[in-house]
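Please examine the sequence and the model below before reading on.

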Amino acid sequence: MEIKIKENIENAIKRHRLLSEKLLKETTELVTDPSIVTRLLKRHSPEMAAKVLQDEINGMVLQANDLDKLNNAEVKKNISEAKLAAMPETVRAFTKPADYQQQISNALAFLSLEGDRLTDQAAFAILKPFFNDWEQMHLFERAVLQQMHLENEYMTRSAFPTALGAVLNKADTYTALFGEAEMLAEQLFIRKKEHGSTCTIGEFPVYGGCGLDSYDEVAAEERIVELAGLIETLGSDKAFVYDSADFKYGRLYQARHQIGTVSPADSDAGFVWL
């Protein structure tokens, strides 16, 4: 399975930046070139001249917004398609058998029988039939954490690397990568274009110099390209997986909140962008 989205997203960002540079140059010129105002004042009062000029600038911004909405839609489409392709076929095709709740009850009973002597090998044998149900594996993780009196997910996955760590690190990597990518894509290119230059015709201001991306917008564009590169690896035999330590420092909780798999009461104080 090959996943290719990085180049498409990079191209969308290039189109956006070329569009923004053109808009910035043209709308700055409209409010800084005295000859433009002089020409308008030959035909209009100061108030009407300001309105005509502002309407022209606003029309250019609206046109740029329409094109950026297309760029945004292109990025979202690539992420959505990659999200479907990157999910393991066995996970996507998993269906719960009729006796699934009984299987879960049996597994919990077997775990309980092991008590605090539960080993990774024994837990692996008990939980292996559930590896394609990521949601249920998170619930088993909580049960093991409580049974073994472990402090957190990091400690649990470190103690049970084959029974829990391998499966859940992969599952949460998928959730975290796409959760963050979808969050960034939501406003990519389509935030309000603020003005950076102003002129006054009589007492009437005209706002131009529109199109310059903020620091946050540039950072989001760079980060989503980085995420796209990581997402592409999910289709290879060298798939990127967050280390268990990332759970210890809270780096994945933010993305899990986005799809409602963590209680709002949990703290994200340690979250950092990777």
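The model is predicted. Its largest nonpolar core has 49 residues, and the members that touch the most others are Ile9, Val75, Met137 and Ile224. Several helices each supply at least two residues of this core, among them helix 1 (6-32), helix 3 (46-86) and helix 10 (215-233). Helix 9 gives the most, namely 12 residues. Leaving aside residues up to four places away in sequence, isoleucine 9 touches Val75, Asn78, Ile79, Ile224, Val225 and Ala228. There is also a second, separate core of 18 residues, which includes Leu30, Leu40, Ala49 and Val61.

Two packed helices are described by the angle between their axes and by the distance between those axes. For helix 1 and helix 3, the axes come within 10 Å and cross at roughly 175°. Because angles over 145 degrees count as roughly antiparallel, helix 1 is roughly antiparallel to helix 3. The residues of this contact comprise 14 nonpolar, five polar and five charged ones.

Histidine 16 lies in helix 1. Is this residue buried or exposed? Its relative accessible area is 1%, and since buried means under 20%, histidine 16 is buried. Its side chain forms a polar contact of 2.9 Å with the side chain of aspartate 68, and another polar contact, of 2.8 Å, joins the side chains of histidine 16 and aspartate 213. Not counting residues up to four places away in sequence, histidine 16 touches Asp68, Asn71, Phe189, Asp213 and Glu221.

Conventions. Residues numbered from 1 in each chain as written. Predicted model: local features only at pLDDT ≥ 70, side-chain atom pairs only at ≥ 80, totals over all residues. Heavy atoms only, no water. Core = buried A, V, L, I, M, F, W, Y, C linked by side-chain atoms within 4.5 Å. Buried < 20%, exposed > 50% of the residue type's maximum accessible area, 1.4 Å probe, protein only. Helix = DSSP H or I, 4+ residues; strand = E, 2+ residues; numbered from the N terminus. Contact = heavy atoms within 4.5 Å. Axes fitted to C-alpha atoms, helices over the stretch in contact; angles between N-to-C directions. Parallel < 35°, antiparallel > 145°, perpendicular 65-115°, else oblique. Nonpolar A, V, L, I, M, F, W, Y, C, P; charged D, E, K, R; others polar. Polar contact = N/O pair within 3.5 Å; in protein donor to acceptor, adjacent residues only side chain to side chain.
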